[in-house]
Amino acid sequence: MPLQHLTGRAPFRHLELAVGPGVFVPRPETEQLVEWALARLAGAEGPVVVDLGSGSGAIALSIAHEHPGARVTAVERDPQAVEWTRHNAAQRAAAGDRPVTVLAGDMTDPRLLADLDGAVDLVVSNPPYVPDGARVPREVADHDPPLALWGGPDGLDVVRGLLRTAARLLRPGGALGIEHADQQGDALPALVRGTGDFTDVTDHPDLTGRPRFTTAVRRGGD
Ligand SMILES: C[S@@+](CC[C@H](N)C(=O)[O-])C[C@H]1O[C@@H](n2cnc3c(N)ncnc32)[C@H](O)[C@@H]1O
């Protein structure tokens, strides 16, 4: 059983989030994706940010906490997980952070957040990306929710829909950051480039030197 399920708490950057059965335990690697996102937002007043697949809310709530003024929406499809997103969002709002909007929805839905089309400064996501059938540690297989893990035959099924949503939501020049498995350091950048919607496609290693997240900029900006 993950330690975080025993304590009911998961540290993530400057926050301590409530976690338990039904929600993905946030991982330290994802803290670096948030670091990149915050650097990208530096100096922006009231940037519009969307976190796709929020789980505990680790990414969305950290951005709201560390970039006060950011207008953050968290999207989560799993009905059980979204209860944890809502719980943690309420706790952070009570602690004084700008409230994060939590939406129960599918990040691949072509109508998702239609009111934000072309108006988003940053889309960030740690989507499910484990290839179906891959071996994962028992602690993961038994305790992280299936919807948080499995991403189809090559692990990138959800990402394909995510890229369509991100291309629609982002303003020209808006930024995209997506975490991936260490075997996807070529495949994910290739997928992003292949859409034709993004420039400056770059892959970033984690602190162990393994490929960990891909960033890009919505075409049409400066
Ligand atoms: C790997 S977990 C990441 C959770 C959190 N962002 C984090 O970094 O700890 C992926 C999350 O995406 C959610 N998810 C999976 N497919 C989704 C979809 N199509 N739309 C929205 N959320 C989805 C899962 O339920 C899960 O909470």
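Predicted model: local features only at pLDDT ≥ 70, side-chain atom pairs only at ≥ 80, totals over all residues.
**Entry 1: the largest pocket**

I looked up the volume of the largest pocket and noted about 940 Å³ of space in it.

I then turned to the lining. The largest pocket is lined by 45 residues, and those closest to its centre are Phe24, Pro127, Tyr129, Ala148 and Leu149. I next asked which elements give two or more residues to this lining. I recorded helix H2 (29–41), helix H3 (58–66), strand S4 (71–76) and helix H6 (146–149). H6 provides the largest share, 3 residues.

I also sorted the lining of the largest pocket by class. I noted 25 nonpolar residues, 10 polar residues and 10 charged residues.

**Entry 2: the place of the ligand**

Where is the ligand in relation to the largest pocket? I found that the space taken by the ligand is the largest pocket.

I counted the residues around the ligand as 18, and I listed Gly53, Glu76, Asp106, Met107 and Asn126 as the closest. By class, I recorded this shell as 8 nonpolar, 6 polar and 4 charged residues.

I checked which N and O atoms of the protein face the ligand. For Glu76, I noted a polar side-chain atom 2.6 Å from an oxygen atom of the ligand. For Asp106, an N or O atom of the side chain lies 2.8 Å from a nitrogen atom of the ligand. For Ser54, I recorded a polar backbone atom at 3.4 Å from a nitrogen atom of the ligand.

How much of the ligand's accessible area does the protein cover? On its own the ligand has 600 Å² of accessible area, and I noted that the protein covers 98% of it.

Methods: Residues numbered from 1 in each chain as written. Heavy atoms only, no water. Near = heavy atom within 4 Å. Polar contact = N/O pair within 3.5 Å; in protein donor to acceptor, adjacent residues only side chain to side chain. Areas by Shrake-Rupley, 256 points an atom, 1.4 Å probe, with all protein chains shown as cover. 1 Å grid on protein atoms, 1.4 Å probe; cavity = no way out; pocket = protein on both sides within 12 Å on 5 of 7 lines; lining within 4 Å. Sits in = over half its atoms within 2 Å of the grid points. Nonpolar A, V, L, I, M, F, W, Y, C, P; charged D, E, K, R; others polar. Points joined across faces, edges and corners; volume = space filled by probe spheres on them. Helix = DSSP H or I, 4+ residues; strand = E, 2+ residues; numbered from the N terminus.
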